[in-house]
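Hello,

Here is the structure I promised to pass on to you. Please have it open while you read, as my notes follow below.

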Amino acid sequence: MSALTVRQVRGRYLTLYGLRWLPTGLMIPVMILLMQERGLSLPQIGLVSTAQGLLVLALELPTGGLADALGRRPVLLAAGALNLISLSLFAVANSFVLFFAVWALQGIYRALDSGPLESWYVDATMAADPEAEYERGLGHAGTVAGLAIGAGALLGGGLVALGPIGPVSALTVPVLAAIVAQAAALVALFVLLVEQRPATGAAALRASVIQAPRMIGQAFGLLRRSRVLLALVAVELFWGFGMVTFESLLPVRLAEVIGNPERAAALLGPANSAAWLASAAGAALTPLLLRWPGAAPGAALLRILQGVTVVGMGLFAGPVGVLVAYLACYTVHGASNPLHSGLLHRQVDGPYRTSVLSLNSMMSQPAGALGGVALTALAAATSVGTAMVVGAVVLAVAAPLYLPAWFAGRRPVDLPTDPAAVPAPVEPHAAGR
């Protein structure tokens with residue numbers, strides 16, 4: 001990794017990050033509506049999505065420890081191959097069982113994919129220059145992700161608007177485009193992501209599998225010793241639950257206010273594109289938010305503000321109001337992600353970085369599965385708007401969990417003789433150094 005310069009590392013990271021999110025953008029306008037078109041009810045959609053959450057819960061930590069022990073490149077290549085398989089199955093799935101299998105594969109993919117690329121970027125950057133500011137790169141990644149997802153969503157919506165292609169329904173066409181995009185992302189990952197590992201082959205794999213539990217144990221040790229880290233990871237419980245509102249319920253809400261699912265799907269393309277461009281703009285605000293009000297208080301305020309925007313999505317009567325609130329929600333979403341990630345990285349030593357990121361993600365995925373079941377069931381029993389308001393409250397409740405990081409950053413810290421003996425403290429303005 002040290003053979004690359006900071007600039008080269010950042011360029012490769014941003015390229016791979018954008019390619020990683022492009023298939024997601026293509027899928028966003030049609031994922032829920034396609035499952036409905038093929039016969040699944042909202043509660044059934046909530047149930048099939050639990051397969052992802054449960055498998056992430058089971059595999060998140062083992063795969064994070066494996067990435068730290070074996071290397072980030074092989075784990076990411078395996079993740080990309082699984083995503084390609086799951087998208088291919090999604091293109092032809094037409095039953096509850098097959099969609100459950102799709103989401104199960106997505107769960108394995110998410111567990112493998114969660115953290116290694118970001119960990120590679122941070123460690124490679126610090127290997128090239130220990131004084132480099134990696135937080136700004138994380139903010140740029142949020143901008144790139146927003147642009148990639150926005151472009152994908154715009155293209156996906158455009159493909160839907162063009163109508164069916166032969167026997168392929170209009171809602172299925174973006175899935176085929178996502179398969180092509182994922183194949184390209186896998187090739188780019190193979191070429192661009194390089195890392196130095198002490199050994200390869202079957203013996204290295206066996207040693208890494210044996211070593212992975214120790215990595216997991218060390219990550220849990222960091223969590224037990226750090227009240228700040230524990231609170232930051234706990235944020236994901238509320239975040240994962242509440243994100244169901246704007247990731248899964250928004251298409252249903254928009255179809256409800258428009259009165260036509262296909263028109264809603266066509267509108268969701270440009271709407272999602274605009275939303276992720278708004279997310280990119282929010283991520284670009286990272287340097288300003290780090291200066292004022294600071295990482296921890298800024299993240300807390302954004303959690304509350306995001307809850308307010310979701311309430312608007314659930315209560316505004318017409319499509320214009322729903323979409324304006326949706327754009328505001330994603331602006332806040334893009335701004336909050338780099339702040340949360342930066343606070344998390346400041347608590348973690350390099351050898352266990354992916355394991356701790358996996359702990360963080362492990363909280364959000366099962367919480368998202370629970371939110372998928374609970375909020376879709378609530379939407380079916382009452383209304384989509386009611387379910388969105390409940391999700392909004394859950395999002396806002398996470399705000400006080402940033403207080404330990406804020407207080408820790410305001411206290412003077414007496415560093416030991418060996419700075420590596422303890423994790424670095426959170427400093428609200430550290431990312432601006």
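**What I found**

Thr-309 is part of helix α14, which covers residues 295-315. Please keep in mind throughout that this is a predicted model.

Is Thr-309 buried or exposed? Its relative accessibility is 10%, and buried means under 20%, so Thr-309 counts as buried. A polar atom of the Thr-309 side chain lies 2.6 Å from the backbone oxygen of Gln-306. If you set aside the neighbours within four places in sequence, Thr-309 is in contact with Ala-325, Ala-328 and Cys-329.

The bond from Trp-292 to Pro-293 is cis, with omega near 5 degrees. Pro-293 itself sits in the loop between α13 (286-291) and α14.

**Transmembrane regions**

The UniProt record, an unreviewed entry, annotates "transmembrane region" over residues 14-35, 81-105, 144-165, 171-194, 228-246, 274-292, 304-328 and 369-402. I can tell you how the model looks over two of these spans. For residues 171-194 the figures are 83% helix and 0% strand, with 37 Å between the end C-alpha atoms.

**Salt bridges**

How many salt bridges does the structure hold? There are 3, and here they are in turn.

One joins the side chains of Asp-113 and Arg-20, at 3.0 Å from N to O. This pair links distant parts of the chain, with Asp-113 in helix α5 and Arg-20 in helix α1 (residues 6-27), 93 residues apart. Both Asp-113 and Arg-20 are buried.

Another is formed by the side chains of Asp-123 and Arg-72, at 3.1 Å from N to O. Here too, distant parts of the chain are linked: Asp-123 belongs to helix α6 and Arg-72 to helix α4 (residues 72-92), and they are 51 residues apart. Asp-123 has a relative accessible area of 15%, so it is buried. Arg-72 also counts as buried, at 6% relative accessibility.

The remaining pair is Glu-256 and Arg-253, whose side chains meet at 2.8 Å, N to O. What separates these two along their helix? They are 3 residues apart in helix α11 (residues 244-258), which means that about one helical turn lies between them. Glu-256 counts as partly exposed at 43% relative accessibility, whereas Arg-253 is buried with a relative accessible area of 7%.

At 2% relative accessibility, Thr-125 counts as buried. Which residues is Thr-125 in contact with, leaving aside its neighbours within four places in sequence? They are Val-6, Val-9, Ala-132 and Tyr-134.

Gly-150 is placed in helix α7 (residues 134-162). With a relative accessible area of 1%, Gly-150 is buried. Gly-150 and Leu-26 are 124 residues apart in sequence, yet their C-alpha atoms are 8.7 Å apart in space. Beyond the neighbours within four places in sequence, Gly-150 is in contact with Asn-272, Ser-273 and Trp-276.

Phe-100 is partly exposed, with a relative accessible area of 34%. Helix α5 is also where you will find Asp-113, the salt-bridge partner of Arg-20.

I hope this helps you find your way around.

Best wishes

Key
Residues are numbered from 1 along each chain as its sequence is written. This is a predicted model: local features need pLDDT of at least 70, side-chain atom pairs count only at pLDDT 80 or more; totals for chains, interfaces and linings use all residues. Side-chain values use heavy atoms; hydrogens and water are left out. UniProt positions are given in the numbering used here, feature names are shortened, and annotations may be inferred rather than shown by experiment. Helices (H or I, at least four residues) and strands (E, at least two) are DSSP runs, numbered from the N terminus. Buried means under 20% relative accessible area, exposed over 50%, partly exposed in between (1.4 Å probe, protein chains only). A polar contact is a pair of N or O atoms within 3.5 Å; within protein, one must be able to donate a hydrogen and the other to accept it, and residues adjacent in sequence count only if both atoms are side-chain atoms. Contact means heavy atoms within 4.5 Å. A salt bridge is a side-chain nitrogen of Lys or Arg within 4 Å of a carboxyl oxygen of Asp or Glu.
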